[in-house]
Structures are given as structure tokens and as C-alpha cells.
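Please examine the sequence and the model shown below. The paragraphs that follow discuss aromatic rings, nonpolar cores and charges placed over rings.

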Amino acid sequence: MHILITRPLEDSKDLIIKFQNLGHKVSHFPVIKIHKKKYEEINFEEFSGIIFTSSNAVKNLDIKKINKNIPCFCVGSATEKITRNNGFQNVFTADGNVNNLKEIILQNFDKKNGKLLYLSGEVISSNLDKDLITEGYSIKRIINYSALPIEELDEKFIELLKSSMPEIVFIYSQNSAKNFFKLIKKY
């Protein structure tokens, strides 16, 4: 089977290797690139928990001054893996679903315990922060990265895809889906 992976390479290496080891042909077709944004210096002492809705939010955060025992709420296993690899000890994970993440926060973080720090990209698929504020939580959202579209593709890669069309395409975000379709139309 021919599988097309659209995530940036650093986020998809393990998956590509797993599929190849299972005998699949895998093409890597990144449709976005991640760009770290400048953001205000964070006083981590103000917060009693952190929410990450993307592994990119963890990768683009200076974590040297964070207590690694602070409760971390992650949207999925890729985000959980990178938080644990960065030394965080108290990690709660949803199954890649923001609605599940909200429920995990409601069940495992008492709003009386303090303020939550929510780190994310510019474009989000759900208003998690606003939903939690409605539930009585105190949250500060900081945007620490943006997903920029890839606009040009290598002609050799396009010809390769045309000669062997993928049967499965993995698309991981709303941003990726939009740019994937834009690139498909263009080429």
C-alpha cells in the first residue's frame, strides 16, 4: 500500500519507519512548516497546570524554568511523548480529541487549584480556553508558534506521486487539510 504522510519530517519519522517495516511504500509530503513566534516572557509560578494542544506548542516553549511536576494536559500521544521526553512527570492525555481533553481537565484539575497556562498555535480547531472559562476556570492562552503553508513542490516529487497514487493520506490538522487541498489544486 502507498501511504502519504503530510506532517513535517521531525514529527513523522517514527511513523514512516513503522509503515516501511510493515512493507508499505511511504511518501513524505509536508504541507506546513512550523515557525516559532515571539511571545511574552512567562512567569511559570503563576500557573498550576499547563495545556498543550500540539507537540509544536511544547517544542516552541522555553521549558528551563518550569517545574516538571506541574500537571500537563496533552491532546494526544505525540504531544504526551514530547512532554515526557522533556522531563514532565505529571501528564494527562486525551486520545487526540479536544473534547476529550476538556473532560480530562474537568475531571483532573480543580479550578480552585489555580490558573492554567494554555499554549497553542495561531489557528485552533476548538475554543478550549473559552469553554473552560465558561466552566469557571482561569486560563491564559499564549500563542507560541504558527503553521505556515508550503507553497511550492518539487516537480520530480509530483511526477513520482502521479506515477504511483497513494491509497491513504494522513492529514493531522485543519491547517494541513487546507494547504493540502490548495497544493492538490495547484499541481
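Rings of Phe, Tyr and Trp (its six-membered ring) are paired if their centres lie within 6.5 Å; planes under 30 degrees apart count as stacked, over 60 as edge-to-face and the rest as tilted. The model is predicted, so local features need pLDDT of at least 70 and side-chain atom pairs count only at pLDDT 80 or more, while totals for chains, interfaces and linings use all residues. Residues are numbered from 1 along each chain as its sequence is written, and side-chain values use heavy atoms, with hydrogens and water left out.

By this rule there are nine aromatic pairs. In one of them, Phe 19 and Phe 170 are tilted, with 5.5 Å from centre to centre and 40° between the planes. Phe 19 belongs to helix α1 (residues 9-21) and Phe 170 to strand β9 (residues 168-170), so this pair ties together parts that are 151 residues apart in sequence. Helices (H or I, at least four residues) and strands (E, at least two) are DSSP runs, numbered from the N terminus.

Phe 19 is buried because its relative accessible area is 15%, whereas Phe 170, at 27%, is partly exposed.

Another pair joins Phe 29 and Phe 157: the ring centres are 5.6 Å apart and the planes lie at 20°, so this pair is stacked. Phe 29 is in the loop between β2 (25-28) and β3 (32-36), and Phe 157 is in helix α6 (residues 155-163), 128 residues apart. Both Phe 29 and Phe 157 are buried. Together with Phe 180 and Phe 181, they form one aromatic cluster.

The next topic is the nonpolar core, a set of buried Ala, Val, Leu, Ile, Met, Phe, Trp, Tyr and Cys residues joined through side-chain atoms within 4.5 Å. The largest such core has 20 residues, of which Phe 52 and Leu 119 touch the most other members. At least two residues of this core come from each of β4 (47-52), α2 (55-59), β5 (72-74), β7 (115-121) and β8 (139-149). Strand β4 gives the most, with three residues.

Finally, a charge sits over a ring if NZ of Lys or CZ of Arg is within 6 Å of the ring centre and within 35 degrees of the ring normal. The charged end of Arg 7 is placed over the ring of Tyr 172, 4.5 Å from its centre. Lys 68 lies over the face of Phe 88, at 5.8 Å from the ring centre.

Note on methods. Buried < 20%, exposed > 50% of the residue type's maximum accessible area, 1.4 Å probe, protein only.
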